[in-house]
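Welcome! Take a moment to look over the sequence and the 3D view, then follow the questions below.

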Amino acid sequence: MLWTPKAPALAPRPLVTPLPRKLPISLHPSCVLALLPQNDPKWFDHSGHGNHGIIHGTTPTAKGPEGFAWEFDGVDDWIDCGNDLNIIGSEMSFGARIRFSSLIGDALGIINKGTAWNTGYSLLWVPPMRWEVAVLTTMGNFNMWPTTPPVLDTWTNYWISYNGTTLKFYIDGREDHSIPASGNLVQAGLLVVGRENWGGGRFFFPGLIDYVLIYNQAWSPRPQDANYL
């Protein structure tokens, strides 16, 4: 399923709080989480669903490609997005714009939903050579292990799409890996950014994170949309 973003309207839709920079795209109605960093003690959800992130240690920085980004120290910085965002059905997509400052560690947690192996979805880099991409459904826990390594100190978009038959992993808008997958989504527990939950919240991400987007439909980005997920 491919969505082509439309040009922003002349009158922008109301947002939770004024942005320090403009959104490069109009958010599709299927967006259920749109976290954009800014100089504020919360990471505001601009999807309109109110899933604001609570900051734990991480700090805003002007090092983002279009303004602010959040900087994670890889030790104990993370974002708490609460327990309420549980997608029902057989489709979803999620991802973020990321810049790694280190590729060293047991596991570098980026996005994780749930407090156990069988309660949601995840995106982690597991040094030295593989990603962990996982989605839990009524048919089981579907995992894939892409091996294209991150590029250190480089902004890159990572995107995961599940459409009820296939789980896909994209890097900068281009499909990198896919596996067959099926069933309705099963989700419960805490959603976090910048660490994992499944290993007890011990593995943190070192670097910068800009956009974090989650949709309840299986959008597949085009290469020319790589900057905007």
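Q: In which segment is Ser30 found?
A: This is a predicted model, in which local features need pLDDT of at least 70 and side-chain atom pairs count only at pLDDT 80 or more, while totals for chains, interfaces and linings use all residues. Residues are numbered from 1 along each chain as its sequence is written, and side-chain values use heavy atoms, with hydrogens and water left out. Strands are DSSP runs of E with at least two residues, helices are runs of H or I with at least four, and both are numbered from the N terminus. Ser30 is found in the segment before strand 1 (31-35).

Q: Is Ser30 buried or exposed?
A: Buried means under 20% relative accessible area, exposed means over 50%, and partly exposed lies in between (1.4 Å probe, protein chains only). Leaving aside neighbours within four places in sequence, Ser30 is in contact (heavy atoms within 4.5 Å) with Ile214, Tyr215, Asn216, Gln217 and Trp219. Because its relative accessibility is 3%, Ser30 counts as buried.

Q: How many helices and strands does the chain have?
A: Of the 229 residues of the chain, 53% count as buried. Among contacts between residues at least 6 apart in sequence, 64% join residues at least 24 apart. The count for the chain is zero helices and 16 strands.

Q: Which residue is the bridge partner of Pro60 in strand 5?
A: Two strands pair if DSSP finds at least two bridges between them. Strand 4 (residues 59-64) and strand 5 (residues 67-73) pair in the antiparallel sense over four bridges, and a hairpin of two residues joins strand 4 to strand 5. In strand 5, Pro60 is partnered by Trp70.

Q: How far apart are the closest N and O atoms of Lys63 and Glu71?
A: A salt bridge is a side-chain nitrogen of Lys or Arg within 4 Å of a carboxyl oxygen of Asp or Glu, and the structure holds three of them. Lys63 is partly exposed at 46% relative accessibility, and Glu71 is partly exposed at 29%. In their salt bridge, the closest N and O atoms are 3.2 Å apart.

Q: How many residues apart in sequence are the parts that Arg97 and Asp210 tie together?
A: Arg97 forms a salt bridge with Asp210, with the closest N and O atoms 2.8 Å apart. Both of these residues, Arg97 and Asp210, are buried. Arg97 lies in strand 7 (residues 92-100) and Asp210 in strand 16 (residues 206-215), so the pair ties together parts whose separation in sequence is 113 residues.

Q: What is the angle between the planes of Phe72 and Phe205?
A: Rings of Phe, Tyr and Trp (its six-membered ring) pair if their centres lie within 6.5 Å; planes under 30 degrees apart count as stacked, over 60 as edge-to-face and the rest as tilted. The structure holds nine aromatic pairs. Phe72 and Phe205 form an edge-to-face pair, 6.0 Å centre to centre, and the angle between their planes is 70°.

Q: Where does Phe205 lie?
A: Phe72 lies in strand 5, and its pair with Phe205 ties together parts that are 133 residues apart in sequence. Phe72 counts as buried at 3% relative accessibility, and Phe205 counts as buried at 0%. Phe205 lies in the loop between strand 15 (191-193) and strand 16.
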